[in-house]
Amino acid sequence: FLYAKFGRDLKNEIAAREQPLDYCIVVMGIRPSTADALKKGGKAFEFKTGAEIGTIREVRVEPADVWTVLDQGSWVRMKTGDRVDAYVYLDATARVGENVITVNGVEIRVGASIGFTTKWAQVNGYVMTMELPGGGGE
């Protein structure tokens with residue numbers, strides 16, 4: 001009974017280790033129409049497992065930097081009008097462990113690559129920022 005209620009950490013109940021999590025996933029080099037589909041909001045699901053990873057709160061869009069080959073054969077990085085970077089802000093409830101933060105069994109870490117899908121779009125991105133209002137535990 002105690003293990004089911006408290007898990008391995010007998011000091012805190014499992015429910016007490018669940019905290020609200022605000023995080024941002026950057027999706028680079030997508031078409032503006034895909035960014036518009038993300039702006040419709042709704043729930044986001046991890047691509048491989050189908051687990052819900054949060055609710056889209058906001059999507060901020062900036063022109064993307066892409067590598068382009070010039071006529072002379074040299075590569076330059078420049079802004080382009082047909083691609084954007086989308087910063088997708090999500091709200092979720094995370095389970096905070098000693099060495100890991102998970103949302104419905106999906107590990108969330110800054111810098112981690114994550115593929116996710118919404119009702120209107122499917123993209124890959126990187127976790128850019130995370131904020132645990134509770135400070136992440138002891």
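This is a predicted model: local features need pLDDT of at least 70, side-chain atom pairs count only at pLDDT 80 or more; totals for chains, interfaces and linings use all residues.

Trainee: How many helices and strands does the chain have?

Mentor: The secondary structure comes to two helices and eight strands. Along the sequence the pattern reads α-β-α-β-β-β-β-β-β-β.

Trainee: And what share of the residues is buried?

Mentor: Of the 138 residues in the chain, 34% are buried. Leu-21, in strand β1 (residues 18-30), counts as buried because its relative accessibility is 0%.

Trainee: Where is Asp-91 relative to Leu-21?

Mentor: Leu-21 and Asp-91 are 70 residues apart in sequence, while their C-alpha atoms are 5.9 Å apart in space.

Trainee: On to charges. How many salt bridges are there in the whole structure?

Mentor: A search of the whole structure gives seven. One of them pairs Arg-77 with Asp-65, at 3.9 Å from N to O. Arg-77 lies in strand β4 and Asp-65 in strand β3, so the pair ties together parts that are twelve residues apart in sequence.

Trainee: Is Asp-65 buried or partly exposed?

Mentor: Asp-65 counts as partly exposed, because its relative accessibility is 33%.

Trainee: Which residues are networked with Asp-65?

Mentor: Arg-77 and Lys-79: together with Asp-65 they are linked in a network of salt bridges.

Trainee: What is the N to O distance between Arg-109 and Glu-107?

Mentor: The closest N and O atoms of that salt bridge are 2.2 Å apart. Arg-109 is partly exposed, with a relative accessible area of 41%. Glu-107 also counts as partly exposed, with a relative accessibility of 41%.

Trainee: Which residue does Lys-43 pair with?

Mentor: Lys-43 forms a salt bridge with Glu-52, where the closest N and O atoms are 3.8 Å apart. Lys-43 is partly exposed at 46% relative accessibility, and Glu-52 is partly exposed at 25%.

Trainee: Why do such side chains pair in general?

Mentor: Side chains of opposite charge can pair when their charged atoms come close.

Trainee: Then what about Glu-46: which side chain of opposite charge is nearest to it?

Mentor: Lys-48, at 4.8 Å. A salt bridge needs a nitrogen and a carboxyl oxygen within 4 Å. Glu-46 is buried and has no salt bridge. Glu-46 sits in strand β2 (residues 42-46).

Trainee: What polar contact does the Glu-46 side chain make?

Mentor: The side chains of Glu-46 and Thr-49 are joined by a polar contact of 2.7 Å.

Trainee: Back to Glu-52. Which strand is it in?

Mentor: Glu-52 is in strand β3.

Trainee: Changing topic: how much space is in the second largest pocket?

Mentor: About 180 Å³. It is lined by 14 residues, and the closest to its centre are Glu-52, Thr-93, Ala-94, Val-103 and Asn-104. The elements giving two or more residues to the lining are β3 (52-69), β4 (75-96) and β5 (101-103).

Trainee: Which element gives the largest share of that lining?

Mentor: β4, with five residues.

Trainee: How do the lining residues divide by type?

Mentor: Four are nonpolar, six polar and four charged.

Trainee: You listed Asn-104 there. What is its phi?

Mentor: Phi of Asn-104 is near 50 degrees, a positive value in a residue other than glycine. Most residues other than glycine have a negative phi.

Trainee: Where does Asn-104 sit, and is Asn-104 buried or exposed?

Mentor: Asn-104 is in the loop between β5 and β6 (106-107). With a relative accessible area of 55%, Asn-104 is exposed.

Key. Residues are numbered from 1 along each chain as its sequence is written. Side-chain values use heavy atoms; hydrogens and water are left out. On a 1 Å grid over the protein atoms alone, a cavity is a set of points where a 1.4 Å probe fits but cannot get out, and a pocket is an open set with protein on both sides within 12 Å along at least five of seven lines; lining residues have an atom within 4 Å of a point. Grid points are joined across faces, edges and corners, and a volume is the space filled by probe spheres set on the points. Helices (H or I, at least four residues) and strands (E, at least two) are DSSP runs, numbered from the N terminus. Ala, Val, Leu, Ile, Met, Phe, Trp, Tyr, Cys and Pro count as nonpolar, Asp, Glu, Lys and Arg as charged, and the others, Gly among them, as polar. Buried means under 20% relative accessible area, exposed over 50%, partly exposed in between (1.4 Å probe, protein chains only). Lys and Arg count as positive and Asp and Glu as negative; His and the chain ends are not counted. A polar contact is a pair of N or O atoms within 3.5 Å; within protein, one must be able to donate a hydrogen and the other to accept it, and residues adjacent in sequence count only if both atoms are side-chain atoms.
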